[in-house]
Structures are given as structure tokens and as C-alpha cells.
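Dear colleague,

Please find below the structure that I am handing over to you. I would be grateful if you could look through it before reading my notes.

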Amino acid sequence: MQAGKRTEHGRNRVSGQLEFGEDDRVDALSGVWDLCLHMLAGKVPVVTFETYIRPIVPLKRENNVITLGVASPYARDWLEKKAVNSIRSALEFHLDATGIQVQFVVLPRDASSPARRGAGKPAASSAQPTLPLDDPEEIDLVKPAPHPSHREATATASRPNSPATPTGKKQTTAQEAHAHRGKRDTPESLPVPCLPLNERYIFENFLVGRSNRLAHAGAVQVAARPGEVYNPLFLYSAPGLGKTHLLHGIAHEIRRKRPDLRVAYISGELFAQSYIAALREHATENFRRQYREIDVWLVDDVQFIAGKEHTKEEFFHTFNSLYQGGKQIVIASDRSPRDLNTMDERLRSRFQSGLIADIGPPELETRIAILQQCRNRERADVPDEVLEYIASAIQSNIRALEGALTKLIAYSSIMKVPITPELAHDALSEYFIEKPIRYRKVTVEEILAAVAEQFGTTPAAIKGTSRNKDVSLARHIAMYLCRELLPEVNTRVIGAALGGRDHTTIVHAYQKVRALMEVDADIAQLVRKLSAVLSV
């Protein structure tokens with residue numbers, strides 16, 4: 001396309017790079033910023049992201065200078081000190097540019113709220129961030145902040161710092177629900193500082209697999225009978241595997257069925273910072289009343305309080321008060337109670353007194369189902385083989401899975417090219433950290449030859465119907481390696497190349513070898529050796 005020629009969207013393509021007319025620049029920057037949010041969400045703590053990163057409003061780009069709007073001078077100073085490099089890197093990646101400069105400006109307090117992020121009428125809440133995100137134990141770094149009033153709490157839900165919700169629905173907070181609770185809305189009942197809930201994080205949207213079945217079942221039971229079963233419920237897993245989704249699901253379900261109960265969803269970091277703010281304001285009695293009047297206490301990322309002695313003490317007494325009062329407590333962490341080494345033994349023992357449920361990395365089939373759900377939600381045309389490719393490459397983080405697919409869909413739309421495995425490899429290489437993808441054209445025949453040599457048999461025997469134990473094992477390992485090393489190849493194609501096996505046979509062999517590798521170190525070492533040889 002010649003320089004200056006406009007497409008139907010008002011965009012120009014020059015020398016392979018996208019350029020935009022003046023009337024499209026804000027929309028273009030908004031789209032790029034949405035991609036940056038997906039990248040940044042997986043790299044910073046959730047409280048940091050929700051408090052400082054998500055409320056940012058992209059304003060304009062002039063040459064290599066990008067201007068971002070923030071809610072307050074404090075937010076601007078914090079971002080310039082703590083996050084500007086990460087934001088710059090994300091922008092450079094998604095703009096395919098270098099030398100990007102980022103500047104933050106404080107938005108006017110009376111700015112109108114945009115219909116969507118970056119719509120050209122930026123706005124932000126005039127409220128300062130409720131709590132700063134420096135180390136909560138460093139009291140001199142923390143600016144005093146009053147606890148939010150009912151009016152402020154209601155305003156929190158309408159700020160543009162929470163995920164998009166369906167038309168007609170409104171993001172809710174614990175304070176907002178409390179403010180409409182009738183008999184409890186008295187001067188003596190104080191609102192609790194809480195994190196917003198994501199409307200998409202409900203039980204119906206949570207995909208259950210072998211790795212998360214116990215955690216899901218425990219969460220559903222707690223939501224149905226708060227304070228009666230599994231109290232406390234302790235969920236733990238690596239980041240991005242669904243702990244937060246289950247906590248939000250519990251909160252949504254209880255609010256729907258038991259609107260009379262006070263539900264508070266917080267993080268360990270928010271609890272610590274609320275406590276430090278109360279100390280500074282000489283308001284610890286109000287702080288204790290806030291938390292000890294809760295009916296359902298949902299605490300995410302409790303590990304953040306592990307090294308903070310005074311905060312741990314207050315957390316312990318709050319936990320005891322609620323537990324002895326029959327209130328429901330749900331704790332989430334990135335490690336099991338016994339591995340919270342810097343947590344007091346008395347707290348760890350209380351965490352272990354209820355149901356402890358770990359959430360493991362989802363198996364391949366669950367990862368594919370998650371991507372299919374995301375594809376349906378986005379109403380995008382993504383081939384199944386591409387979903388299998390992504391699911392094979394990203395194995396341990398659901399957030400990264402969804403972010404990778406969202407980026408791929410956006411990339412395809414902007415570049416006007418169909419989604420293929422090759423496009424996925426080129427566009428998503430940043431996400432494939434756990435398992436580097438060597439897009440070498442290894443073939444089924446090469447895999448068969450390597451496996452046959454290792455087992456002292458022939459490719460023809462592996463393709464055949466021999467029931468010999470060694471040949472049968474070699475056949476299963478060949479199927480496993482084909483699926484691992486050729487994620488872009490459909491299982492039907494693999495099955496045909498392996499003597500006419502069907503999809504079910506390939507999947508069964510893959511699962512069998514995975515199970516063998518977990519219990520047989522020799523098999524695991526053999527498979528890793530073959531994989532390494534074939535990947536070089």
C-alpha cells in the first residue's frame with residue numbers, strides 16, 4: 001500500500017509499520033495500551049496493578065513521547081519511581097519501536113468519565129490511591145489516608161480501574177454492598193477497605209479439571225454454607241492458576257444468595273497497609289471494628305504479611321476474633337501453610353485447621369478448554385490447532401494463556417492476516433518463556449527414528465500392531481513426543497503418520513506417558529533426553 005493511502009479504518013501503512021491519521025491516534029493508543037495491560041498484569045502484584053496501573057488513561061503520542069493520565073500527584077510520583085521502566089518496555093514491545101519516552105500528567109478532578117478507556121475524554125477519580133504500595137512496614141514512606149466514607153466507597157466501583165462488565169451491570173465492592181444492607185447501615189458499622197470484584201470471576205466461568213477439583217468443590221461448599229463447613233478454607237498455588245477467581249466466585253455467590261452478610265475481599269498487602277495507615281492516624285480501634293464485624297473474610301496473597309511482625313500480630317487477633325465468632329474465613333497464598341516459613345507457628349496451625357486445597361497447573365485438555373472459552377468470549381476465528389499450539393507452549397499460567405490469545409487476536413486484526421500457528425509463534429514468542437519453542441521442522445519420521453533407535457526396534461514396528469512390551473512403550477513415547485514437539489500439527493495427522501491411530505489413541509498415549517514420567521524417574525529421563533536431542 002502506498003504511503004498516505006487510507007484504509008477503511010483511517011489507518012495508513014508505511015514501510016510495514018502502522019501509522020494513523022490524526023482522528024485515529026487516540027483510538028490506536030488506547031488499543032495498544034489495552035495490550036500493555038495484559039502484559040503488565042502478570043508482572044506486578046494484583047494490588048499494585050489495580051491501584052496504580054489499571055487506572056492509567058492513555059492520552060496522546062507525539063513522535064516517541066507518550067503521555068499517560070493519572071489520578072493524583074502521588075500516583076504520578078510512584079509510577080515514575082517504581083513502574084516507568086516496565087511501562088516503557090511494554091509500550092515499546094507493542095508499538096514495535098525503541099526509544100519511547102513516557103510522561104505522566106495528573107488529570108483534572110472534574111474530567112468527565114470516558115465511555116471506554118482512551119476514548120479521547122480521559123478521566124480519573126479525584127481520590128488519591130487509598131493506600132500506597134511501598135513496603136508497609138516502612139511507616140515513614142506511607143502517606144496518611146483517611147478510611148473511605150460510604151460515598152467514596154460507592155465511587156470506587158464506578159472508577160475506570162476495573163475490568164469491563166456487561167452492559168447494564170455494575171462493578172461492586174464490599175463497601176457498596178454494605179451501604180445498602182439496611183439494618184447494618186448504622187454509624188457504628190464502618191466500611192472495610194476492599195478490592196473490587198471482577199464480574200467475570202464467577203463459578204460458572206471456572207473450568208474444573210483434575211488439578212483444581214478439590215479447591216473448586218471446597219469453594220462451592222463455602223459459598224453455599226458460609227461459616228459451617230471448611231472453615232478456614234486455605235487455597236494455594238503458583239500465580240495465575242485460579243485462586244483469585246475462586247475467591248471472587250465465593251464473594252459473588254454469597255452476595256447473591258445471602259445479601260444480609262458482610263463480605264470483604266482483601267489482600268494481605270491491603271490489610272498491612274490499612275493497618276499502617278490506622279497506626280499513623282491513631283485509628284486502630286476503628287480498624288479493628290471494621291474487620292471484626294465482617295461475616296465472610298476473603299484474604300488473597302496472605303504471604304505478603306509473612307515478614308511484618310506487627311501486622312502479623314494484628315492479623316492473628318483478627319483471625320481469632322472472626323473464627324471464634326463463627327465467621328467464614330478463606331485464605332489464598334502462593335505456597336502451602338507449612339511453607340510459609342516466616343509466618344508465626346500459631347498462624348500456620350490455624351491455617352491448617354480447616355480444608356487445605358492446592359491448585360496445580362492445568363493439564364493440556366483443561367488449557368485448551370480455557371482457550372476455547374476465551375475464544376468464544378472474544379468471538380474470534382481461531383483454529384483449534386492454534387489453541388493446541390498455545391496450550392502446549394504455555395503450561396503453568398492461566399493468565400498468560402488468556403493474555404497470549406488476546407494479543408494474538410488483536411495482532412491478527414491490526415495486521416489483517418489470518419491466525420495460523422506460524423503467526424502465533426511470531427507474535428507470542430514473549431510468552432513462551434517456560435518452554436522455548438524451537439520452530440524447527442522436526443518431523444514425525446525423525447521422532448520415530450530417534451525413538452526406534454533408543455529402544456532397539458524399527459519405525460515400522462512402532463507403526464505396526466505389535467503388543468511387545470518394549471515396542472508398545474516406544475509407540476506411546478513416540479506419540480507423546482509428537483504431541484509435545486509438534487503442537488501445530490493436528491492429532492489426526494499424527495495418528496495417520498503412526499499407522500492410522502485415531503485422536504483418542506494419541507491423547508490416551510500422551511496422558512499415559514505423562515503419568516509414567518511422574519512415578520518413573522528412568523522413563524522421565526529418557527523422554528527428556530529424546531526431546532532434547534530432537535529439539536537441537
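The notes below describe a sheet, a helix, a loop residue and the nonpolar cores.

This is a predicted model, in which local features need pLDDT of at least 70 and side-chain atom pairs count only at pLDDT 80 or more, while totals for chains, interfaces and linings use all residues. Residues are numbered from 1 along each chain as its sequence is written, and side-chain values use heavy atoms, with hydrogens and water left out.

Helices (H or I, at least four residues) and strands (E, at least two) are DSSP runs, numbered from the N terminus. Two strands pair if DSSP finds at least two bridges between them. Three strands make up an open sheet of mixed pairing, in the order 3-4-5. Its edge strands, each pairing on one side only, are strand 3 (57–62) and strand 5 (101–106). From one strand to the next, the twist averages 25°; angles run from 0 to 180 degrees between N-to-C directions, and axes are lines fitted to C-alpha atoms, for helices over the stretch in contact. Strand 3 and strand 4 (residues 65–70) run antiparallel and are joined by five bridges. Proline 58 has leucine 68, in strand 4, as its bridge partner.

Helix 3 (residues 73–82) packs on this sheet and touches strand 4 and strand 5, its direction making about 165° with that of strand 5. Contact here means heavy atoms within 4.5 Å. Helix 4 (residues 84–95) lies across strand 3, strand 4 and strand 5, at about 120° to strand 5.

Helix 13 (residues 364–378) includes among its buried residues Leu364, Ile368, Leu371 and Arg375. Buried means under 20% relative accessible area, exposed over 50%, and partly exposed in between (1.4 Å probe, protein chains only). The buried residues of helix 13 pack against helix 14 (384–393), helix 15 (398–415), helix 19 (469–485) and helix 21 (503–519). After helix 13 comes arginine 379, with a positive phi near 55°.

Glycine 499 sits in the loop between helix 20 (491–497) and helix 21. This glycine 499 is partly exposed, at a relative accessible area of 46%.

A nonpolar core is a set of buried Ala, Val, Leu, Ile, Met, Phe, Trp, Tyr and Cys residues joined through side-chain atoms within 4.5 Å. The largest has 58 residues, of which Ile250, Trp297, Leu298, Phe315 and Phe351 touch the most other members. Another core, of 54 residues, lies apart from it and includes Leu423 and Ile523.

Yours sincerely
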